[in-house]
Amino acid sequence: MDLGLAGRVAVVTAASKGLGRASAEALAAEGAKVVLNARSADLLEEVAAGMDDALVVPGDISDPDLPAQLVQTAVDRWGRIDVVVGNNGGPPSGRAFEVDDEQFLAAVDGNMLSSVRLARAAVPHMQAAQWGRICFITSVAVRQPIPDLALSNAARAGLWAWTKTAAADLEHDGITVNLACPGLHATDRMVERGVTGRAGDPADFGKVVAFLCSEPAGFVSGIAMGVDGAAVPGLL
Ligand code: NAP
């Protein structure tokens with residue numbers, strides 16, 4: 001299947017490791033040019049070294065100005081932005097009544113607003129081209145909250161609600177907005193923690209993200225695609 005991503009230009013945040021890195025690598029393997037972000041420049045350079053055409057922009061994606069800078073970097077270098085994949089590390093754990101306002105606001109900033117800002121910066125360019133793909137990496141928690149991850153549950157559910165609203169607003173612009181919702185995946189972080197149970201391969205997850213960002217997925221918008229090996233028992 002031709003995903004139609006050759007020559008497309010993408011920004012992927014939190015892309016030095018794990019699911020973000022796998023998503024960037026899957027897009028690059030399809031011939032996309034990629035702007036890579038995470039905080040650690042060294043790791044990003046390693047990722048970029050395995051790609052044909054990639055730029056590295058280190059920084060904390062919670063910085064309100066960074067998402068627009070990432071999009072502008074792509075436009076300045078390649079004259080376009082076609083795909084954005086919003087990702088970040090997860091917020092700290094804590095049950096519903098254990099988290100304070102400061103932590104709550106940081107989680108909303110890092111795991112909700114950073115992605116909204118990325119889309120906000122990219123959409124005018126995508127509207128001009130009448131083509132765009134926006135994908136946010138979230139969690140199964142948007143469907144089934146995880147008891148000791150109250151911050152993640154709340155921030156990601158907020159992003160999901162915004163995504164549904166945005167998808168409808170972009171319906172006639174050739175732009176899709178979706179979530180990719182991982183269940184347990186064997187990223188280095190999870191392997192180091194010794195998490196047990198059936199786990200997905202991050203490289204496969206990256207290919208699912210690449211599909212959601214592909215040409216043939218142009219009629220797939222406003223969905224939260226579970227990539228969880230049937231871990232979520234509900235119907236939605
Ligand atoms: P990971 O392997 O720990 O990778 C996290 C990535 O985020 C790294 O590239 C890290 O690079 C980057 N990052 C962290 N904080 C950042 C910041 N402030 N600004 C920019 N980049 C930042 O994590 P993962 O397992 O791939 O998980 C990715 C996301 O999926 C997380 O939100 C996680 O909660 C969620 N998730 C994962 C699983 C799973 O099983 N893996 C399941 C459900 C949900 P630097 O440290 O260099 O910045």
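Two strands count as paired if DSSP finds at least two bridges between them. Strands (E, at least two residues) and helices (H or I, at least four) are DSSP runs, numbered from the N terminus. By that rule, strand β1 (residues 9-12) and strand β4 (residues 83-86) run parallel and are joined by three bridges. This is a predicted model, in which local features need pLDDT of at least 70 and side-chain atom pairs count only at pLDDT 80 or more, while totals for chains, interfaces and linings use all residues. Residues are numbered from 1 along each chain as its sequence is written, and side-chain values use heavy atoms, with hydrogens and water left out.

**Sheet**

- Seven strands form an open sheet with parallel pairing, in the order β3-β2-β1-β4-β5-β6-β7.
- β3 (54-56) and β7 (224-227) stand at the edges with a single partner strand each, so one side of each has no neighbour in the sheet.
- Neighbouring strands of this sheet are turned by 15° against each other on average, direction ignored.
- Val 12 has Val 85 in β4 as its bridge partner.

**Helix packing**

- α5 lies across β5 (132-137), β6 (175-182) and β7, running at about 155° to β6; angles run from 0 to 180 degrees between N-to-C directions, and axes are lines fitted to C-alpha atoms, for helices over the stretch in contact.
- The axes of α3 (residues 66-78) and α4 come within 8 Å and cross at roughly 35°.
- In this contact (heavy atoms within 4.5 Å), Pro 67, Ala 68, Val 71 and Val 75 of α3 meet Ser 114, Arg 117, Leu 118, Ala 121, Ala 122 and His 125 of α4.
- The residues of the contact of α3 with α4 divide into seven nonpolar, two polar and one charged; Ala, Val, Leu, Ile, Met, Phe, Trp, Tyr, Cys and Pro count as nonpolar, Asp, Glu, Lys and Arg as charged, and the others, Gly among them, as polar.

**Pockets**

- A pocket is an open set of points on a 1 Å grid over the protein atoms alone, where a 1.4 Å probe fits, with protein on both sides within 12 Å along at least five of seven lines; lining residues have an atom within 4 Å of a point.
- The largest pocket has a volume of about 1,400 Å³, a volume being the space filled by probe spheres set on the points, which are joined across faces, edges and corners.
- Its lining has 48 residues, with Asn 88, Gly 89, Gly 90, Arg 156 and Arg 189 nearest the centre.
- α4 gives the most to this lining, with five residues.
- The second largest pocket holds about 270 Å³ of space.
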